[in-house]
Amino acid sequence: MKIRVKLLLVLFYGAIIGMYGCLSSQKLPKRDLATAAQQKPFDAIIVPGIPFKNDNWDTVMKGRVIWAYYLYKEGYTKNVIFSGASVYSPYYESKIMGLYAEQVGIPKEHIFYETKARHSTENVYYSYLLARKLGFKSLALATDPFQSAMLRRFTRRRFESKIFHLPFVVDDLKKFNGVNPVIDPSSAKATNFVSITDNESFWKRLRGTMGKGIDWSQHKNGKVEPL
């Protein structure tokens with residue numbers, strides 16, 4: 001029975017990702033970018049992490065980092081918050097992405113790190129808290145269209161201040177296809193690393209992805225206070 005439930009959940013979420021992914025990859029990113037052009041510059045964008053494996057960034061990480069650089073270079077944001085703990089590999093996802101971001105051209109003084117998040121909802125939550133601490137007043141979520149679509153309802157329901165969405169526009173990233181910087185990942189390595197798969201069950205990880213690992217009782221009406 002447990003295996004059947006897990007399979008159904010995987011298929012269910014896979015269908016949602018596919019549905020929203022097809023829609024957002026064609027229409028939403030350009031619309032969101034046009035809307036953001038009227039609001040820019042944001043004080044910061046939130047960029048969720050992704051595991052660093054085989055000593056190299058994969059396509060998704062590259063897309064997120066390059067998109068962050070594009071938004072910074074084009075004046076959409078003043079700062080970048082990279083978010084992510086060492087979840088599936090012994091490297092802080094946020095710090096790895098920051099190292100790549102420096103190499104492609106984002107100044108170090110405009111890069112900030114959130115290192116607690118282990119799930120996508122936590123990427124947004126802990127980065128929002130960091131932004132409040134830093135005194136930032138406007139935020140956007142900059143990631144791939146699939147993750148952006150999955151988090152839209154969460155960002156609407158759980159935060160008093162609006163979090164804009166800036167999923168990347170594939171056409172704007174094509175010019176960076178040949179960019180492949182080399183980094184020394186040693187400074188981003190975590191000590192005493194334990195993979196999330198070793199200390200959290202499938203069900204607990206799924207709940208974490210849905211934001212159930214966050215203590216919402218500490219926030220009035222279950223929404224994080226304004227920036």
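The model is predicted.

Start with the overall layout. The chain contains nine helices and five strands. Read from the N terminus, their order is α-α-β-α-β-α-β-α-β-α-β-α-α-α. The chain has 227 residues, and 50% of them count as buried. Among contacts with a separation of 6 or more, 79% join residues 24 or more positions apart.

Now turn to the rings. The structure holds 12 aromatic pairs. One involves Phe154 and Trp216, with ring centres 5.9 Å apart. Their planes meet at 65°, so this pair is edge-to-face; the cut-off for that class is over 60 degrees. The pair links distant parts of the chain. Phe154 belongs to helix α6, residues 145-158. Trp216 lies in the segment after α9, which covers 202-209.

Phe154 has 9% relative accessibility, so Phe154 counts as buried. Trp216 has 11%, so Trp216 counts as buried too.

The pair is also part of a wider group. Ring pairs link Phe154 and Trp216 into a cluster with Tyr125, Tyr126, Tyr128 and Phe159.

Charged side chains come next. Arg158 lies over the face of Trp216, 4.2 Å from the ring centre. Trp216 therefore has Phe154 as an edge-to-face partner and Arg158 over its face. Elsewhere, Lys95 lies over the face of Tyr92, at 4.7 Å from the ring centre.

Definitions and conventions:
Residues are numbered from 1 along each chain as its sequence is written. This is a predicted model: local features need pLDDT of at least 70, side-chain atom pairs count only at pLDDT 80 or more; totals for chains, interfaces and linings use all residues. Side-chain values use heavy atoms; hydrogens and water are left out. Helices (H or I, at least four residues) and strands (E, at least two) are DSSP runs, numbered from the N terminus. Buried means under 20% relative accessible area, exposed over 50%, partly exposed in between (1.4 Å probe, protein chains only). Contact means heavy atoms within 4.5 Å. Rings of Phe, Tyr and Trp (its six-membered ring) pair if their centres lie within 6.5 Å; planes under 30 degrees apart count as stacked, over 60 as edge-to-face and the rest as tilted. A charge sits over a ring if NZ of Lys or CZ of Arg is within 6 Å of the ring centre and within 35 degrees of the ring normal.
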